[in-house]
Amino acid sequence: MASIHNDVPLSAPACSVWDAVRDFGALHQRLVPGFVTACQLDGDARIVTFANGAVAREVLVDCDDARQRLVYAINSERLTHYSASVQVIADGEAKCRLVWIIDMLPNELAPYVQGQTREAVIAMRKAFPPPAT
């Protein structure tokens with residue numbers, strides 16, 4: 001099983017980043033604008049449209065405010081397994097780390113997903129830019 005790890009330092013308070021992560025239906029507006037172009041809630045899932053035109057149905061598995069951790073899964077014809085967790089960890093008052101781990105099958109799709117996560121991280125950094133000095 002492929003496992004993709006992203007440990008993203010952000011120049012924003014953990015509470016601000018967590019508020020965007022936990023806003024499950026506003027992915028395209030708050031966490032990764034530009035990378036995700038649309039997001040529509042459908043019960044306990046969100047239908048996500050990516051900038052490259054791909055669409056995924058992501059099911060909310062858990063949203064834990066105490067641990068600032070969100071887990072979601074994708075079930076599709078191409079992916080036989082896809083489970084992801086996103087956790088926000090404070091790094092002082094004004095910075096944090098976003099740890100995003102994806103476990104997936106088939107392994108052959110891992111390079112594509114890894115490339116997509118790189119684009120998502122760029123969008124996250126734009127959504128939470130360093131403060132102006």
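**Pocket lining and salt bridges**

Modeller: Helix H3 gives the most to the lining of the largest pocket, with six residues. The model is predicted, so local features need pLDDT of at least 70 and side-chain atom pairs pLDDT 80 or more, while totals for chains, interfaces and linings use all residues. Residues are numbered from 1 along each chain as its sequence is written, and side-chain values use heavy atoms, without hydrogens and water.

Biologist: What makes residues 110–127 a helix that belongs to the lining?

Modeller: Helices are DSSP runs of H or I with at least four residues, strands are runs of E with at least two, and both are numbered from the N terminus. H3 spans 110–127 and supplies at least two residues of the lining, as do helix H2 (27–31) and strands including S3 (45–50) and S4 (55–64). About 560 Å³ of space lies in this pocket. Of the 31 residues that line the pocket, the closest to its centre are Phe50, Ala56, Glu58, Ile74 and Tyr82. A pocket is an open set of points on a 1 Å grid over the protein atoms alone, where a 1.4 Å probe fits, with protein on both sides within 12 Å along at least five of seven lines, and lining residues have an atom within 4 Å of a point.

Biologist: How do the residues of the lining divide into nonpolar, polar and charged?

Modeller: There are 24 nonpolar, three polar and four charged residues in the lining.

Biologist: Why is the contact between arginine 46 and glutamate 58 called a salt bridge?

Modeller: A salt bridge needs a side-chain nitrogen of Lys or Arg within 4 Å of a carboxyl oxygen of Asp or Glu. The closest N and O atoms of arginine 46 and glutamate 58 are 2.7 Å apart, and therefore the pair qualifies. Arginine 46 lies in strand S3 and glutamate 58 in strand S4, so the pair ties together parts twelve residues apart in sequence.

Biologist: Is arginine 46 buried or exposed?

Modeller: Buried means under 20% relative accessible area, exposed over 50%, and partly exposed in between (1.4 Å probe, protein chains only). Arginine 46 has a relative accessible area of 4% and is therefore buried, and glutamate 58, at 4% relative accessibility, also counts as buried.

Biologist: Why is aspartate 7 called partly exposed?

Modeller: Its relative accessible area is 46%, so aspartate 7 is partly exposed, and arginine 97, with 31%, is also partly exposed. The side chains of arginine 97 and aspartate 7 meet in a salt bridge at 2.9 Å, N to O, linking strand S7 with strand S1 across 90 residues.

Note on methods: Points joined across faces, edges and corners; volume = space filled by probe spheres on them. Nonpolar A, V, L, I, M, F, W, Y, C, P; charged D, E, K, R; others polar.
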